[in-house]
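Me: I'm new to this one, so please pick a single part and walk me through it slowly. Tell me what it touches, and then what lies around it.

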Amino acid sequence: MKKTKRLVFKVGSAVLTENNQIAKKRMLNLVKLIARLREKYDIVLVTSGAVAAGYSALKLDRAKQIGKKAIAAAGQPILMSSYKRKFDIFDIDTAQILLTEDDFDSRKRTKMFQEIIDAHLENDILPIINENDITSTPEQLFGDNDQLSAHVAHATNAELLVIFSDIDGYYDKNPSEFDDAKIIKIMTEIPKETLAEECSPNNVFATGGIVTKLKAADFLMKRGRKMFLCNGFDLSAVQSLLFEGKHTLGTIFMPKDEHDEVPAPKPKKAVSK
Ligand code: ADP
């Protein structure tokens, strides 16, 4: 059955990986959340984790291009079967879609994968996307799933991209370095200097870092779309937002004009006794 609202979820290595392996409990929690949300939304999942999953089977040097590609090739089916076992519990069929930056280059190719995703969603199949970095050259790749997921969210006309990471949202400074870092709950634009900063992935398998998440947000905001960056270890913030419409934690990135349209809360009237 076709639902009117579409969400794209992106799960990073930080959430899906623990001690060089797939973090199965966290993956299951995400799968449970997706199963509940599917009653209301069409969901497309963009997932990292192939290199981490493959490393347990093939311990080559991840820093070398061929080593990383060989590990990813070994890991992709391990990752997908790990998802499959969990989605099977909820009777959800999945499909694997591997994309590169080239797929967004021409209208013809973008249209093709849009139609494939539409066909899956119309038939109640959950598309699971990853970057096809195995035989692609670096020029054909985004290099991180943050920007890939933003392109997917735009091309599939998603209401919201949700990026699950190992932090509660976007902070005014790096929270792993500064104890006094404060979370920014709503961002309506991203300063150019920040976008130019170097990527700082936090984990050996991560290829993104906060800058690629900001680039993803910037791409979507410029196209009138929204992104929510939240914690993938503790799903309470995303649950509050998507089930109750309450923004408790996490950062919402939204275009400025849309933010301005949200009516300001009315001041409370003084109670006269
Ligand atoms: P993922 O694998 O989920 O894509 P990354 O490790 O690539 O995650 O990126 C998230 C990390 O970015 C956080 O754990 C944090 O250490 C780092 N980071 C740097 N600056 C910031 C910031 N201003 N706000 C939030 N996180 C930041």
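**A close look at H2**

Reply: Let's start with H2 and helix H9 (residues 236-244), which pack at an angle of about 5° with their axes 12 Å apart. That angle makes H2 roughly parallel to H9 (under 35 degrees is roughly parallel, over 145 roughly antiparallel, 65 to 115 roughly perpendicular, the rest oblique). On the H2 side, Leu-33, Arg-36 and Leu-37 make the contact, and they meet Val-238, Gln-239, Leu-242 and Phe-243 of H9 (contact is heavy atoms within 4.5 Å). Sorted by class, the contact of H2 with H9 has 5 nonpolar, 1 polar and 1 charged residues (Asp, Glu, Lys and Arg are charged; Ala, Val, Leu, Ile, Met, Phe, Trp, Tyr, Cys and Pro nonpolar; the others, Gly among them, polar).

Before going on, keep in mind that this is a predicted model, where local features need pLDDT of at least 70, side-chain atom pairs count only at 80 or more, and totals for chains, interfaces and linings use all residues. Residues are numbered from 1 along each chain, and side-chain values use heavy atoms, without hydrogens or water.

Now for another partner of H2. The axes of H2 (residues 24-37) and helix H4 (residues 65-89) come within 10 Å and cross at roughly 50°. So H2 is oblique to H4. From H2, the residues Lys-24, Met-27, Leu-28, Val-31 and Ile-34 take part, and they meet Leu-79, Ser-82, Tyr-83, Lys-86, Phe-87 and Ile-89 in H4. The residues of this H2 and H4 contact split into 8 nonpolar, 1 polar and 2 charged.

(A nonpolar core is a set of buried Ala, Val, Leu, Ile, Met, Phe, Trp, Tyr and Cys residues joined through side-chain atoms within 4.5 Å; buried is under 20% relative accessible area, exposed over 50%, partly exposed in between.)

Setting aside residues up to four places away in sequence, Leu-45 touches Phe-9, Val-11, Ile-34, Tyr-83, Phe-87, Leu-126, Pro-127, Ile-128 and Ile-129. Notice Ile-34 of H2 and Tyr-83 and Phe-87 of H4 in that list.

Ala-153 counts as buried because its relative accessibility is 1%. Beyond its neighbours within four places in sequence, Ala-153 is in contact with Val-8, Ala-158, Leu-161, Leu-220 and Arg-225. Ala-153 and Ala-216 are 63 residues apart in sequence, yet 10.0 Å apart in space, C-alpha to C-alpha.

Last stop: two loop residues. Asp-91 is in the loop between H4 and strand E5 (93-99), and its phi is near 60°, a positive value in a residue other than glycine. Asp-91 counts as exposed because its relative accessibility is 71%. Asp-124, in the loop between helix H5 (107-122) and strand E6 (125-131), also has a positive phi, near 60°. At 34% relative accessibility, Asp-124 counts as partly exposed.

Zooming out, the protein chain holds 10 helices and 12 strands (DSSP runs numbered from the N terminus: helices H or I, at least four residues; strands E, at least two). Of its 273 residues, 49% are buried.

Definitions and conventions. Buried means under 20% relative accessible area, exposed over 50%, partly exposed in between (1.4 Å probe, protein chains only). Axes are lines fitted to C-alpha atoms, for helices over the stretch in contact, and angles run from 0 to 180 degrees between N-to-C directions.
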